[in-house]
Amino acid sequence: MIATLKAEEASQLQLVEREDIDDEEDLFESIDKLISAGINAGDVKKLQDAGIYTCNGLMMHTKKNLTGIKGLSEAKVDKICEAAEKIVNFGYITGSDALLRRKSVIRITTGSQSLDELLGGGIETSAITEAFGEFRSGKTQLAHTLCVSTQLPTNMRGGNGKVAYIDTEGTFRPDRIIPIAERFGMDPAAVLDNIVYARAYTYEHQYNLLLGLAAKMSGEQFRLLIVDSVIALFRVDFTGRGELAERQQKLAQMLSRLTKIAEEFNVAVYMTNQVIADPGGGVFISDPKKPAGGHVLAHAATIRLMFRKGKGEQRVCKVFDAPNLPEAEAISFYLNFSAKFF
């Protein structure tokens, strides 16, 4: 399907088709299974038109949202949800079952040994990883590296999947992918073909791009979604305190969608975030900055990473918040794409 790499390594590094993976359980149930459960094919088509392509994704919507889909009455929605509940188990499971499910989580290498060690192996799937810091602190640089490392086979600490990239600041540079791909011994042209890219210009456009991803991810193997940055358009489209409540509500909806994508398709979500000045930081804090987005964004991110500049091209990454990682720093993180190790 993809990734023809250097001739001597092609057989080893070629991406594996979804249907060729025998040892991986189906992570989601196709929405088409509702037809065999007695749901009208036309109603299933309406769900797909609304961006719902799996039964798992269907169960992540409220009935209020589903009745908002043109042509679906409350009675139809009740019948659809009842059929989906028989296909997908969204009830209680044991802690042992939860542990088994965690085995499907993949950790994707960042290309930096020290950063991988800090993160317990790399950026993990089924989770949102937020990277915040001031400009030129390494957030977008890491995003470009992940575009390549995600396509490595899992036995080489990759994700063996495609990448979706939503760019809100116009900072994606495909020419920067080339030296990174060469560093990993991959064919740059094949790597670029496995990245689906979209430039967002408004927060509404950004949300609609997320809705359109379900169709792609249900049919092809994706392992990474990058949003660079998640907050930029919200800071432009909403101004002043009078619109702050609405902004935070719309941001919460966006983040909820990202969470559902991560868990529904077992993809890693890597989103960058900006920082704002913190006047209340106090005189004893040398760099009084805090991540933008407030508590809404803070609660949505599974893992929060703080990036800052070090000496020269050196960058420092600190685990700011994580459910399973200790607070620590990785100092040996350089902005050198083509280096063999960094």
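This is a predicted model: local features need pLDDT of at least 70, side-chain atom pairs count only at pLDDT 80 or more; totals for chains, interfaces and linings use all residues.
Residues are numbered from 1 along each chain as its sequence is written. Local features need pLDDT of at least 70, side-chain atom pairs count only at pLDDT 80 or more, totals for chains, interfaces and linings use all residues, and side-chain values use heavy atoms, with hydrogens and water left out.

Student: How are the axes of α12 and α14 oriented to each other?
Tutor: Helices here are DSSP runs (H or I, at least four residues), strands likewise (E, at least two), numbered from the N terminus. Axes are lines fitted to C-alpha atoms, for helices over the stretch in contact, and angles run from 0 to 180 degrees between N-to-C directions. The axes of α12 (residues 203–219) and α14 (residues 244–265) cross at roughly 15° and come within 11 Å. Angles under 35 degrees count as roughly parallel, over 145 as roughly antiparallel, 65 to 115 as roughly perpendicular and the rest as oblique, so α12 and α14 are roughly parallel.

Student: How many residues in the contact of α12 with α14 are nonpolar?
Tutor: Contact means heavy atoms within 4.5 Å. Leu-210 and Leu-211 are among the α12 residues that meet α14, whose side includes Leu-258 and Ile-261. Ala, Val, Leu, Ile, Met, Phe, Trp, Tyr, Cys and Pro count as nonpolar, Asp, Glu, Lys and Arg as charged, and the others, Gly among them, as polar. The contact of α12 with α14 has 2 charged, 3 polar and 10 nonpolar residues.

Student: What word describes the angle between α9 and α10?
Tutor: Helix α9 (residues 139–149) and helix α10 (residues 174–183) have axes 9 Å apart. Their angle is about 55°. By the same cut-offs, α9 and α10 are therefore oblique.

Student: How many charged residues does the contact of α9 with α10 have?
Tutor: In α9, His-144 and Val-148 are among the residues that meet α10, where Arg-176 and Arg-183 are included. By class, the contact of α9 with α10 has 5 nonpolar, 4 polar and, as charged residues, 2.

Student: What is the phi of Ser-126?
Tutor: Ser-126 lies in the loop between β2 (123–124) and β3 (127–132). Most residues other than glycine have a negative phi. Ser-126 is not a glycine, yet its phi is positive, about 60°.
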